[in-house]
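Good morning, and thank you for coming. Please look at the sequence and the structure as I speak; I shall begin with a sheet and then turn to the nonpolar cores.

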Amino acid sequence: MVRRIVAARVQDGPTADDLVQETLVRVLAAAPRVEPGMLESYAIVTARNVVASLWRERDRHRRNQHRVVDLLPEQTHDDGLVAQEEQNAVVQALARLSERERDTLLAHEVSGQDTRSLAGEIGSTAGAVAAQLNRTRARLRVEYLLALDQAEPPTERCRPVLLALSSGDRRRQREVDAARHLLECDLCARLSEPLMERGQARDDEIRIPIHVDADIVAARQAARELASRLGFSKTDLTLIATAVSEVARNIVRFAGLGEIVVELLDQPRRGVRVVAMDTGPGIADVEQALADGYSTYQGLGLGLPGARRLMDEFAIMTEIGRGTTVTMTKWREER
Amino acid sequence: MTTGPKLVSILRQGSYLIASIHTALDDTQMVRFQEDLVEQIGRYRSRGVIIDVAALDVLDSFGARTLRTIAEMARLRGAVTVIVGIQPDVAFAMVSLGMATGSVVTLLDLEEGLAFLDSRTQRNATSGRPALRTLSRGAP
């Protein structure tokens, strides 16, 4: 993988091989400090940094030897172009970091200075430096993607959301309501894919896009399957599946597009949380919608009030013209 | 059957239709099932319909409503409908959801369903079909 990344950026074979070696040595040296599962992304960042530093060196080299004939072949074909674009993106992304962030990152990644000695220099702890490095890497990933896409985020919320996704910080993601933003913002939805791909194989959360009838069944089955891992009784699993079915149908009927996130909880008790959000028209009269027997389509008028009765906690947020978010939780009975 | 190979089967037995739902159906499939069943009631001049929902993981408001609609349409077409095989958990969820299903006859299983239809269609019988429970049950 490292070879692929480096090869995409550096044309001549021997140099690429050297860079791959260098990257691997650094990654291996850093392995004990890196969270398990993060090694791959760490290697990617390191590889990019190694390549970037090579370019900087070459640049300097070229400036100093301007009288020597430049024998480097012109990079004309597509690979060269892609590499060039990626290089520019890395450079731009680096430029968007603050000076301090950049210095620390480069000292760590390129010069191989460890977090403890860095901490000593700036009067901090190794842990704090490591945390800062993680944040910086998260930012670098976001800025790199933005630069590669040559896009400027359309809203003020984009960067915080992308940053929260990039750092894999779930609490922060909730604070900035990342999931809703991804539904609303095409750019972030697109950029979030590579961000979410890296890192986590999160197995305590399932996201199901809701668009057509068949998604209702998929959502309730996924919810049942996930919840069954917590040891819910079969009865409770059916209640959860039924509630998910109702809220999913509301999305299909009224909004046309949305997403259901099912998530296992540890705190304060074990349970399962279902968040159903859509970008629909919103609900004008929530009280009416929560009243039994109120129905705007050919249903029983039981959708929302029914789902509420099936779960332990139920909250609904809605904004006209923007959409609705239903959050409901079922706690596991401790026996 | 017209609904495709595995989702639903509608079998004809004498003057009865026995419809078994084999897997979770989405709303569109549920509506198609309704159309197929009601059409076959007419085609086979059926007097009784049994819908076996034992394989359904969930009977939510739409599913329950569709079953009610089928029963009502069947009644208007001259057939008695019985729902059988609602699982205990599904039943509990339906009650918790607040569903009223009182107007539809529900019975424990296929056997009870056949017995019920026999007693009903015999009482209103014009065909003089004998209500032989053992025969109905034993037939393929």
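Two strands are said to pair if DSSP finds at least two bridges between them. Helices (H or I, at least four residues) and strands (E, at least two) are DSSP runs, numbered from the N terminus. This is a predicted model, in which local features need pLDDT of at least 70 and side-chain atom pairs count only at pLDDT 80 or more, while totals for chains, interfaces and linings use all residues. Residues are numbered from 1 along each chain as its sequence is written, chains are lettered from A in the order in which they are written, and side-chain values use heavy atoms, without hydrogens and water.

In chain A, five strands form an open sheet with antiparallel pairing, in the order 1-2-3-5-4. Strand 1 (205-210) and strand 4 (313-319) of chain A are at the edges with a single partner strand each, so one side of each has no neighbour in the sheet.

Strand 3 (residues 271-278) and strand 5 (residues 323-331) of chain A are joined by seven bridges in the antiparallel sense. Which residue is the bridge partner of A:Gly271 in strand 5 of chain A? The partner is A:Trp331.

Now to the cores. A nonpolar core is a set of buried Ala, Val, Leu, Ile, Met, Phe, Trp, Tyr and Cys residues joined through side-chain atoms within 4.5 Å, where buried means under 20% relative accessible area (1.4 Å probe, protein chains only). The largest has 64 residues, and A:Ile260 and B:Ile51 are among those with the most contacts inside it. Helix 13 (residues 234-255) of chain A gives this core its largest share, nine residues. A second, separate core of 31 residues includes A:Ala93 and A:Leu187.

Definitions and conventions: Buried < 20%, exposed > 50% of the residue type's maximum accessible area, 1.4 Å probe, protein only.
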